[in-house]
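The following note is intended for a colleague who is meeting this structure for the first time. The points should be read alongside the sequence and the three-dimensional view.

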Amino acid sequence: MVIKTCFLKFCYVVVLFNNEQSVVVHAWERVITVSNAPPVSLRKRNDSEWEIGQGSGGLVSCCEPVMNKDPENVWLACFGPQVPLRTPSRSDTPIYEPTNSLGLPLVRKSNANVYLSMLQDPLRDEDETMQEIREQMSLFGVFRAYSRENYHLNPVVVPENDYNTFYGGISNGLLWPAFHNLPDYMVKDYDNPKLLQEHWHSYVRVNYQFAINTVRNSRPQDFIWVHDYHLLLTGSIIQSLDSNFEVGFFLHTPFQLPPDFFVKYRSIALAILCGMTRFSKVGFQTHRDRATFISLVQQYLSTSTVVHVQRTDSYRITHGGWTTSVGVFPVSIKNEEYLNLAKSDETQKQAREIRRRILGETNAQGKLFFSCERFDYTKGIKEKLLAFDKFLTDHPERLGKDVLYQVAVINRRGVDSYREYQDACLELADRINAKHRPPASHPDWKAVVFQTDGLPRNSVVACYLAMDVGVVTPIKDGMNLVAKEMLVSNPKAGLILSCGAGTEQQFSSAGFYSDTVRCYHRLENLNDCAEFASLFYDAALEPAEQASAHGQLLFDFLMANDIEKWSGAFLDYSWTHEVIEPVEVTSLAEFYSLMFQTRTVRRQIVERVVRGCPIRARFSISLKNVRASLKAACKQGNVVELRSSSLSPPPPSSSSSTNSHHPADTTPLARLDISDELRQIDLDISFLEFVQSDDYDNLEQFLHNLAKHHVDGPEAFFKEVAQATQLMYRGDHFRYFFSDRDGTLKDYACSYTSSIQPAYSAVIQATFANRCTQYAAILTSAPLMNYGILDMVVLPDGYFCYGASIGREWYIDATRKFKDNSIGEREMNLLEKVADAVREQLCRPEFQMFNWIGSGLQKHYGHITVAHQDCYRSVPADRSAKWIETIRALVQAVDPDNQTFLLYEGETDVRVLLRSVHGTQTTVFTKGDGIELFLREMELSLDDGNVLVCGDSDTDLPMLSKVLSLNPERTYTIWVTQSDKLKRDVETLCGRFNNANYAFVSSPGVLLSAMAQATIREIRVRPSADRRPSFRNYPGGSVCV
């Protein structure tokens, strides 16, 4: 077997199996566009041949430039029931997963896009079947040829009955008119709740089909971009199928629902709102549409929270445990394409022929009004015709001069409201021409030239060049790109633009229509025929120089805001809730909140790396923003001075924004050395770079980078790593692994609340636990929750069990927890009294600083921890001693006979421990007792297999003692310490059991590197072992890994 691997960005992953099969999977982020309407038209020329043509409409115009950037992008769309495609299927060919030296998948491989979704499973060789296959393949050949020249075009197959109801019913009979606030065009049959529910079920089923096809053709690193009102539910469905996907949604229509929509169609309306909040990000054309959406969410989704982010002018909506970012992105066009066509000699020649054909050879004073759109009742075509009729009636001198050239491409004839509207407009155009007869001087003149056939793009641009005035007057429109196409192609032309067009909203917001500047003729009320007619007259008489000057201003604006800027702005991660924003850190609350945001990002990094899912660019952006924010807050070196008005950190689950600023006050400043926080962020940033490299030894490269941070340099670092690794090699494989956390697996931070586990550390621990151990547990003095161990770790469930409060309370997974039941109510009440007394003293100015250093005040299950020093020894010795004596006096007051509590004074904290009476002996609960509790509840025995124990302080010695007493010969232990006393204690304890399996290292980084090396060896020794088992089995239950 030959495996050649490359990793992630801008590279391929090629897997060769015995040189028999080659599969190419592209690993960078692609754009997967999902829409109902395809970007092309498909037509069957005869019984066996198909042809494909260029699609039309705003959706195609704005998305194609993005899609054409990468031939590996995928566009998923439905060609309707008339295209004979089977239900899609996947290939059964296995694809084996390449890994790096640590056993982590280099990329989440998928056979998505190896085969187009229309390819079928092998069919039996029967005449009728073969005929069908030949027909399928001829159609497949058309798609394949298109994909070879452009991007991948994959059809979504939908049953005919469902599609007709989905498209002609709910989508265009209800949602389209509703979103345009045109209730008169909403299908009246939907007043019947039963019919509405049946048709809505079809809409849901079609959305499911799109979602399933999207997941099938996508990989976790791709960005899925869903478009328009047909597919409002696909985001929630895709997320339910695979939560790793990031799914954006853009609404091309307006979002102006009728006032009674949530009354008449409440269940559907709520489903729409909830569905839209399940996308990762949502984009609207105008601020008006977004404001409507936000207002409806606040009104009807009462449990949602809505926050405006001023820096990015976006909203963040959290509902049902899901957060989405909502922004405004006015769609534009690909300017260069229209400029090139406008400069073409052939196009200019065609423009002259159009003017000559419509205005005549001698009509020098006439104006050509041009309008081009889909034949849709939202476009205001009927109102336009009525206004032009009134214009000619009011100004008969314009007869024989001015012409309205209307191109309205017929579509949706199957929908009654469309067919009736189109027929009415055509009849109205005929009546206008019959009413306004041509003068004798211009016998060939015709008031309205009405065309219903579509035009190729070069002919449309020729019409733009031929026109004197563009007319874009929809009742409601998301943006209407025709206005922009007109101005880019012909900036000398005038423009009549209605307020219903999103383009007008964009132009007016940019200052192009005001009391002093009016760069176009704005139609305020489309139903005011007199106003509309007067705008025709004003535009007809507008001097060419004035129209050209105004057009140039709009042209310059459009050139600076083209389609590249639109797509880039929407696809940019920085405006979404998924990126941690750079903020000003001035208070403890803001500092803690920022660190807990890194926890979320780090958890996502770890989950993706251990599963082999590619890394998102937003992870690195977020960590860099956090680093920049923290560095900006540093006053001297890595020391920050933060307002301490909040004496305790915010809740770990707090979603409060860190953007808040507070006025200066007289509260004391908390001085914190955040060197470790910054160092760990730097290491995670570099870890992301190495893990995305194309090298098999990318982990080893990262370890060399980690070695640079060692106090004695890389050489000393790797010497220690070698010693610890040799010990692990002797142990070979460990049935049990028990370890402390702070100081052992992670460096001490300035504050426990900011000691979030780094992503690189979590990945190494996860792979070690998975490969080299059967049962792995972390025992810590920290509590389980409320600023406890589960708040600090970023590992997914299943790799480790957690024994908190010195092992008195255990977390196995979300379904299994247990704790020591020997503590009585009296003891708990006395502990609470001590905690209250300490908390009261911490409010005194002389002791306030002990709130924010180290562990601060931590209430555990069965004991209390109070910090008196930080890891940098920055607290003056006399102040620390005074605080210890104060704590001692408080405990004495609650327990004057010393029958309940025992005080333990550590290097950085004081612990108030409960005494336990065993016969004639008085003891305290230790980590050794915690291991015993774990073994008892899990029905396990230590006398079988090797055991690894890791710690860094004397409070971890009972853990080692317990393991040695149960399995003296097969216990191995590594200690992170530079204390000669602690080393002697470990040696003495091991010697008591004739055990020489111990080693010492100077930092958690060395221990982690040794764990990584042991994992690499395990993979080499046992390559056939299951790399990532689905479950870690425990007696009495199983934990998902």
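1. Helix α10 (residues 345–359) and helix α13 (residues 457–466) have axes that come within 8 Å and cross at roughly 60 degrees. Since angles from 65 to 115 degrees count as roughly perpendicular and those under 35 as roughly parallel, α10 is therefore oblique to α13. The crossing of α10 past α13 is right-handed.

2. Which residues of the two helices meet? On the α10 side they are Thr347, Gln348, Gln350, Ala351, Ile354 and Arg355, and on the α13 side Asn458, Ser459, Val461, Ala462, Cys463, Leu465 and Ala466. Sorted by class, this contact between α10 and α13 comprises 7 nonpolar, 5 polar and 1 charged residues.

3. The next feature is an open sheet of 9 strands with mixed pairing, ordered β8-β7-β4-β9-β10-β11-β14-β13-β12. Its edges are β8 (152–155) and β12 (305–309); each has a single partner strand, so one side of each lacks a neighbour in the sheet. On average, and with direction ignored, neighbouring strands of this sheet are turned by 20 degrees against each other.

4. Within the sheet, strand β4 (residues 31–34) and strand β9 (residues 223–227) run parallel and are joined by 4 bridges. Ile32 stands opposite Ile224 of β9. Helix α5 (residues 234–241) packs on the sheet, where it touches β9, β10 (246–250) and β14 (322–328). The direction of α5 makes about 175 degrees with that of β10.

5. Val309 is placed opposite Ser314 in β13. These two strands form a hairpin with 4 residues between them, and Asp313 takes a positive phi near 50 degrees there.

6. How confident is the prediction, and what are the limits of its reading? The protein has an average pLDDT of 85, and 85% of its residues score at least 70. Among its elements, strand β35 (residues 971–976) has the highest mean pLDDT (98) and strand β2 (residues 12–17) the lowest (25). Residues 1–27 have a pLDDT below 50, although the model gives this stretch 68 contacts beyond near neighbours in sequence.

7. A further stretch calls for caution. Over residues 1026–1041 pLDDT stays under 50, and the model has 57 contacts for them beyond four places in sequence.

Methods
Residues numbered from 1 in each chain as written. Predicted model: local features only at pLDDT ≥ 70, side-chain atom pairs only at ≥ 80, totals over all residues. Heavy atoms only, no water. Axes fitted to C-alpha atoms, helices over the stretch in contact; angles between N-to-C directions. Parallel < 35°, antiparallel > 145°, perpendicular 65-115°, else oblique. Left-handed = near helix turned anticlockwise from the far one by under 90°. Contact = heavy atoms within 4.5 Å. Nonpolar A, V, L, I, M, F, W, Y, C, P; charged D, E, K, R; others polar. Pairing = 2+ DSSP bridges. pLDDT = per-residue confidence, 0-100.
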